[in-house]
Amino acid sequence: MYRGREGQWAFVLHRISGVAVALFLLLHVIDISLVMFGPEGPFEAFLVFYHNWPFRVGLIAVIAAVVYHGLNGLRIIVMDFTSWGVRYQKPMWYGVLGLTAIIGVPVLWKIVPEILRGA
Amino acid sequence: MSTAQRAKAKRPRTFDEARAMASSSSELGWWVFMRISGMLLVPLAFIHLWANNMAFNAGEIDFAYVVARLQQPGVRIFNSFLLLFAMLHGVNGLRYSIEDYVRRPERRFLWKMILFTVAGIIFIFGVMTLWAFTYEEMGSAVRALGSE
Ligand code: HEM
């Protein structure tokens, strides 16, 4: 593709995470809009499904996708609008991966026990 | 490399390249919009994820919780910006993907029309959820149910 190995992986991950988050967003606005039907409406029934552990693991993936996509997006903006950005695209990509992992630690620390406890 | 030469690369990397490559001025506008909305979405999405996953247990989200959140004007205004920018940024991103992977012009057109129609309807749902209700009333309805 267009910028050697890391650039290509950065792009593939950016695409996949972006499409995943966008599709989640479409579903998510529908689920929240179910509150329009009131307390006796379909919202709670939908939530039962949302609170199942496979879905909660999926939500962790959504969080990871948002964090990676957002940070990598900032990297793309730096490459587009600075004179030095493209030169440092590789270290910046490792920075994006590292920051995503670091942010992942407290997130997993909090959410995984919640899932294991079953709520 | 001149700007024009670099513009031959697959994806534009600077504003000048984007201008040289853009097939129309609206494409250039979207290129700029993706970057501006992207910068706004980092704080918007991160704060939203923080509020619902870190400051709260997402496994305990229920009707009462959402109504309590949507009662707050600040949450509604915040969510309106999140909804607007995430929808435009997300749908435009999906459109880029359709343009990259769907080769046949008729299919491409069809997929885009399906995307815009579905996304448009969902966006209207989102706006209605945020602004067409008085959640104060819904909140008291929930409290009444809870005390029965
Ligand atoms: C993965 C974990 C997520 C959880 C648990 C979650 C939870 C919620 C909840 C409870 C609401 C209702 C009001 C509020 O509390 O703000 C809401 C609304 C909303 N969320 Fe999320 N959210 C998540 C991820 C996302 C992401 C990644 C996006 C966008 C990229 C997003 C966009 C929105 C929007 C636009 C609304 C307003 C919907 C409307 O107009 O009715 N959410 N979310």
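Modeller: This is a predicted model. Chain A has 4 helices and 0 strands, and from the N terminus on its elements run α-α-α-α.

Biologist: What makes a stretch of chain A count as one of its 4 helices?

Modeller: A helix has to be a DSSP run of H or I with at least four residues. Chain A has 4 helices by that rule.

Biologist: How do you know how chain A compares with a compact globule of 119 residues?

Modeller: The globule rule is 2.2 Å times the number of residues to the power 0.38. For 119 residues the radius of gyration would be near 14 Å, but chain A has 18 Å. Along its principal axes, the C-alpha trace of chain A spans about 55 × 30 × 20 Å.

Biologist: What are the corresponding values for chain B?

Modeller: A compact globule of 148 residues would have a radius of gyration near 15 Å, whereas chain B has 21 Å. The C-alpha atoms of chain B fill a box of roughly 70 × 35 × 25 Å. Its secondary structure comes to 7 helices and 0 strands.

Biologist: What makes a residue of chain B count as buried, and what percentage of the 148 residues do?

Modeller: A buried residue has 20 or more other C-beta atoms within 10 Å of its own. In chain B, 22% of the 148 residues count as buried. For the 119 residues of chain A the value is 24%.

Biologist: Which classes of residue make up the contact of H3(B) with H5(B)?

Modeller: Residues of H3(B) including Trp30(B), Met34(B) and Leu41(B) meet residues of H5(B) including Phe81(B), Phe85(B) and His89(B). By class, this contact has 11 nonpolar, 5 polar and no charged residues.

Biologist: How many residues of each chain does the contact between chain A and chain B take?

Modeller: It takes 43 residues from chain B and 36 residues from chain A. On the side of chain B that touches chain A, H3(B) gives the most, with 10 residues. The residues of that side divide into 27 nonpolar, 10 polar and 6 charged.

How values were computed:
Residues are numbered from 1 along each chain as its sequence is written. Chains are lettered from A and ligands numbered from 1 in the order in which they are written. This is a predicted model: local features need pLDDT of at least 70, side-chain atom pairs count only at pLDDT 80 or more; totals for chains, interfaces and linings use all residues. Two residues are in contact if their C-beta atoms, placed from the backbone, lie within 7 Å. Helices (H or I, at least four residues) and strands (E, at least two) are DSSP runs, numbered from the N terminus. Ala, Val, Leu, Ile, Met, Phe, Trp, Tyr, Cys and Pro count as nonpolar, Asp, Glu, Lys and Arg as charged, and the others, Gly among them, as polar. A residue is buried if 20 or more other C-beta atoms lie within 10 Å of its own, exposed if 12 or fewer, and partly exposed in between; C-beta atoms are placed from the backbone.
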